[in-house]
Amino acid sequence: MLIEVRAAGLNRSELHSRLGMAEGMVFPRVLGLEAAGVVLECPGGEFEVGTPVMAMMGGMGRQFDGGYAELTCVPVSQVIPFASSLPWSTLGAVPEMLQTAYGSLTVGLDIQPGKTLLIRGATSSVGMAATVLAKRAGLNVIGTTRNPANVDRLREVGVDHVLIDDGPIAAAVRELVPGGVDAALDLVGTSTLIDCLHATRVHGVVCMSGMLSNQWTLPDFYPTGDIPSGVRLTGYTGDATNLPADVLQRFLDDVAAGTATVPIGRVFDLEEIQEAHRLLEAGTAGGKIVLVTASGRAS
């Protein structure tokens, strides 16, 4: 199906692609693993022309052209319809951020009300979205940041305890939660994974869903020695099928009602993509970076 792109979020995955770190790239390629816009053509008839939709993953921006464009053609299976009067600059921030946060918390960690969650890399857009979802689900959230200037921002989105990530934090976590947290979401990557395991209680779960550190693998990983006895390790990567349409719609409705937030760092015009990527690589946006097309600005 053909989508007129109104806005598209930037993701760490696209930085990895630009730096030559991504697998499965087919060139030449338009980057962008997500987009929000309206249906222009749908030959199979699954969606009416003009329907607002979000598209994500499934090879977007790697195997076929993605969201950094005015038009994009994607498989119907990667598309979710929605209804909302929110601005496109907000809607463009949602697809992959919400899919990763929701999937990590549900599929990866099976979160339960009243439990304690550690989010490593909480100032990332996925980290802040996960915080919003976790607080709505009744969890106590510990979030980390490398920059003390981000403490207030994390508290605004709902983090209960903020830890400065200047090295191993397992001991500090266990001071807050004797015995360790029930669940840990590691968005930094393999450089912090072992430390997260040591911050988690017996029968607790650690889910790695991000690679902000650009480190993909653990050299000389020794599971029996590196994973504390009884702690469980998993990972999460998903696509549009892992984000139910009713979950997306409820989240957008809550944002419109002011009971949920979309953590946006900066909004750029499509023509400013180079500046947007410089900010993405610097890691100082303080939230999701969004591109808006001319049609997205006008509507």
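Asp 165 sits in the loop that runs between β8 (161-164) and α6 (170-176). The model is predicted.

**Asp 165**

- Asp 165 has a relative accessible area of 13%. That is under 20%, so Asp 165 is buried.
- Beyond its neighbours within four places in sequence, Asp 165 is in contact with Arg 120, Thr 144, Thr 145 and Arg 146.
- Thr 234 lies 69 residues from Asp 165 along the chain. The C-alpha atoms of Asp 165 and Thr 234 are 22 Å apart.

**Second largest pocket**

- The second largest pocket holds about 180 Å³ of space.
- The lining of the second largest pocket includes Leu 98, Tyr 102, Leu 105 and Thr 106. Ile 111, Leu 133, Arg 136 and Ala 137 are also among the lining residues. Val 247, Arg 250 and Phe 251 line the pocket too.
- By class, the lining has 8 nonpolar, 1 polar and 2 charged residues.

**Packing of α4 and α9**

- The axes of α4 and α9 are 13 Å apart, and the two helices pack at an angle of about 90°.
- This angle falls within 65 to 115 degrees, so α4 is roughly perpendicular to α9.
- On the α4 side, the contact involves Val 132, Leu 133 and Arg 136. On the α9 side, Arg 250, Phe 251 and Asp 254 take part.
- The contact of α4 with α9 contains 3 nonpolar and 3 charged residues, and no polar ones.
- Leu 133 and Arg 136 of α4 meet α9 and also line the second largest pocket. Arg 250 and Phe 251 of α9 meet α4 and line that pocket as well.

- Ser 17 belongs to helix α1 (residues 12-18).
- Ser 17 counts as buried because its relative accessibility is 9%, under the 20% cut-off.
- Leaving aside neighbours within four places in sequence, Ser 17 touches Ala 22, Met 25, Leu 31 and Arg 62.
- Glu 281 belongs to helix α10 (residues 273-282).
- Glu 281 has 40% relative accessibility and therefore counts as partly exposed.
- With neighbours within four places in sequence set aside, Glu 281 is in contact with Arg 12, Leu 15, Arg 18 and Leu 19.
- Ala 172 is 109 residues from Glu 281 along the chain, and their C-alpha atoms are separated by 29 Å.

**Backbone exceptions**

- Most residues other than glycine have a negative phi, and most peptide bonds are trans.
- Phe 27 and Pro 28 are joined by a cis peptide bond, with omega about 0°. Pro 28 is in the loop between α1 and β2 (34-41).
- Met 57 is not a glycine, yet its phi is positive, at about 60°. Met 57 lies in the loop between β3 (52-56) and β4 (71-73). Its relative accessibility is 17%, so Met 57 counts as buried.
- His 203 is not a glycine either, and its phi is positive, at about 75°. His 203 is part of strand β10 (residues 200-208). At 46% relative accessibility, His 203 counts as partly exposed.

Definitions and conventions:
Residues numbered from 1 in each chain as written. Predicted model: local features only at pLDDT ≥ 70, side-chain atom pairs only at ≥ 80, totals over all residues. Heavy atoms only, no water. Helix = DSSP H or I, 4+ residues; strand = E, 2+ residues; numbered from the N terminus. Buried < 20%, exposed > 50% of the residue type's maximum accessible area, 1.4 Å probe, protein only. Contact = heavy atoms within 4.5 Å. 1 Å grid on protein atoms, 1.4 Å probe; cavity = no way out; pocket = protein on both sides within 12 Å on 5 of 7 lines; lining within 4 Å. Points joined across faces, edges and corners; volume = space filled by probe spheres on them. Nonpolar A, V, L, I, M, F, W, Y, C, P; charged D, E, K, R; others polar. Axes fitted to C-alpha atoms, helices over the stretch in contact; angles between N-to-C directions. Parallel < 35°, antiparallel > 145°, perpendicular 65-115°, else oblique.
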